[in-house]
Amino acid sequence: MKKFFHDISLRAVKLVNIVMMTFPFALSWYLFYADRIDEPFYQKGNWLMVVLFLLIYATYSRIYDALRVSLSRVSELVYSQCLAALISDGIAYVVTWLLTKHLPNPIPLLIALVIQCLISIVWSYLAHKWYYFTFPAKKSLVVYDNRLGMEQLIKEYGLQKKFDIRATVSSAECISDLGILEGIDAVFLSGVRSADRNVILKYCIENDIHVYVVPRVGDVIMSSAKQMHMLHLPMLRVERYSPNPEFLIIKRLSDIVLSSVAIILLSPIMAVTAIAIKLTDRGPVFYKQCRLTKDGKKFNVLKFRSMRVDAEKDGAPRLSSGDNDDRITPVGKIIRKCRIDELPQLFNILGGSMSIVGPRPERPEIAEQYEKEMPEFRLRLQAKAGLTGYAQIYGKYNTTPYDKLQMDLMYIAKPSFVEDLRLMFATIKILFMPDSTEGVAQGQTTAMADSSDRSQKD
């Protein structure tokens, strides 16, 4: 009953947000646009426009986790909701343009957007206060095997109000005395081996304890399993990445169309960037770098040059250390912040060496270093490399190789065009989030250095 009340009340609060954010658009539509379309609607037509906006906003709110009150900071909620409102208003403006058959005045919708942003700030603050007042922090326990630091991460991401970590114990301690789980509301299983994890999982499910599992590579691979019955037994069939031909054809066609349109639309930005780079140090505008794609095939990725020409004069490949990297040029800092340096990869996508969505292409030298410690890292090469993907959206530039591998395998496990579209739209959210471009520590050449306490052998 407690969970039922939690879910119903939270859904009601989210619905309030969707209705409140729709109201400014409805007001602008009725007061300004409704009577100016080529053939004015009857009442049902006007309602249809309002419902259309509501559905679009609800969809983008879901894509951007804009209503995830229990796990997001107020600032994250506001940012996500304003972005969802901006895109929804933009789509509504295009629809209005088509209905009026001339370019409509954007001012009413811009005013509506400002009001929506103000509503978002107020709603996010009050919803946050309401949630943690109504639902106090869950008494939580962290169970680890060889992956430490979960409690630090919970503090780092401001989730102490959601999870009250009472203790951190090893899986061996927990298995030897399951009684330590009594009175606990939530358990984090961080890198716990399957045999121990299964015992703890069964106990938690039986005693209505929420379980948050940090998966291992084997778990992610198993998530792609197809259920079947054979020999009068339930079985799971696991195989290498092999999407159906229809998906591959649609994916390639969408790559060609979307990259072509993006190149045309973004050509002014690329031209200005090229001129700025050339004027800075008279060096080359682009640089090519060998990367790996499907089945380990090598190709040259194309980027705008953001570092000095002699950035790797010693011949040793190394990742960027972010804003502290003295190899980055003044123009390079700007284009890296806004991801403009990645735009030339649209030509890679058009040529077929990359896809819009897929595992991020790694340099052969760095991939080789990762594979020495973690041979399964090469499993990322089952699919064609992509400009964006799970690791780019949900990870950071300095995400550890093991975590990057898991995120890429999550994408590989369940290929679908709908998921590709979701990831494309989700990419917009991270474009202006500085932590997603956070570099490795000064002096590091790869992201492996901090992965020792997070690595997990299957």
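Apart from residues up to four places away in sequence, Trp-97 touches His-102, Leu-103 and Pro-104, where contact means heavy atoms within 4.5 Å. The structure is a predicted model, in which local features need pLDDT of at least 70 and side-chain atom pairs count only at pLDDT 80 or more, whereas totals for chains, interfaces and linings use all residues. Residues are numbered from 1 along each chain as its sequence is written, and side-chain values use heavy atoms, with hydrogens and water left out.

Trp-97 is found in helix α3, helices (H or I, at least four residues) and strands (E, at least two) being DSSP runs numbered from the N terminus. With a relative accessible area of 41%, Trp-97 is partly exposed; buried means under 20% relative accessible area, exposed over 50%, and partly exposed in between (1.4 Å probe, protein chains only). From C-alpha to C-alpha, Trp-97 and Leu-113 are 17 Å apart in space, and they are 16 residues apart in sequence.

Helix α3 (residues 74-100) packs with helix α1 (residues 2-33) at an angle of about 30°, with their axes 12 Å apart. Axes are lines fitted to C-alpha atoms, for helices over the stretch in contact, and angles run from 0 to 180 degrees between N-to-C directions. The angle makes α1 roughly parallel to α3, on a scale in which angles under 35 degrees count as roughly parallel, over 145 as roughly antiparallel, 65 to 115 as roughly perpendicular and the rest as oblique. The contact is formed on the α1 side by Asn-17, Met-21, Phe-25, Trp-29 and Tyr-33, and on the α3 side by Gln-81, Ala-85, Asp-89, Ala-92, Thr-96 and Leu-99. By class, the residues of this contact of α1 with α3 comprise seven nonpolar, three polar and one charged; Ala, Val, Leu, Ile, Met, Phe, Trp, Tyr, Cys and Pro count as nonpolar, Asp, Glu, Lys and Arg as charged, and the others, Gly among them, as polar.

Helix α1 also packs with helix α4 (residues 107-134), at an angle of about 165° and with their axes 10 Å apart. That angle makes α1 roughly antiparallel to α4. The contact of α1 with α4 contains 19 nonpolar, seven polar and one charged residues. Ser-28 lies in helix α1 and is buried, with a relative accessible area of 7%. When its neighbours within four places in sequence are left aside, Ser-28 is in contact with Tyr-33, Pro-108, Leu-109 and Ala-112.

A further helix pair is formed by α9 (residues 245-281) and α10 (residues 330-337), which pack at an angle of about 155° with their axes 9 Å apart. This arrangement makes α9 roughly antiparallel to α10. Thr-273, Ala-276, Ile-277 and Thr-280 in α9 meet Pro-330, Val-331 and Ile-335 in α10, and the contact of α9 with α10 has five nonpolar, two polar and no charged residues.

Strands of a sheet pair through backbone hydrogen bonds, either parallel or antiparallel. In the present model, an open sheet of four strands has the order β2-β1-β3-β4, with parallel pairing, two strands being counted as paired if DSSP finds at least two bridges between them. The edge strands are β2 (163-170) and β4 (210-214), each of which pairs on one side only, and the twist from one strand to the next averages 20°. Strand β1 (residues 138-144) is joined by five bridges to strand β3 (residues 186-190), and the two run parallel; Leu-189 in β3 is the bridge partner of Val-143. Seven bridges join β1 to β2, which likewise run parallel, and Tyr-144 stands opposite Ser-170 in β2. Five of the seven residues of β1 are buried, so this strand is largely enclosed by the rest of the structure.

Asp-65, in the loop between α2 (43-63) and α3, has a phi near 55°, a positive value in a residue other than glycine. At 28% relative accessibility, Asp-65 counts as partly exposed. Leu-231, found in the loop between β5 (226-230) and β6 (233-237), has a positive phi of about 60° although it is not a glycine. Leu-231 is exposed, with a relative accessible area of 65%.
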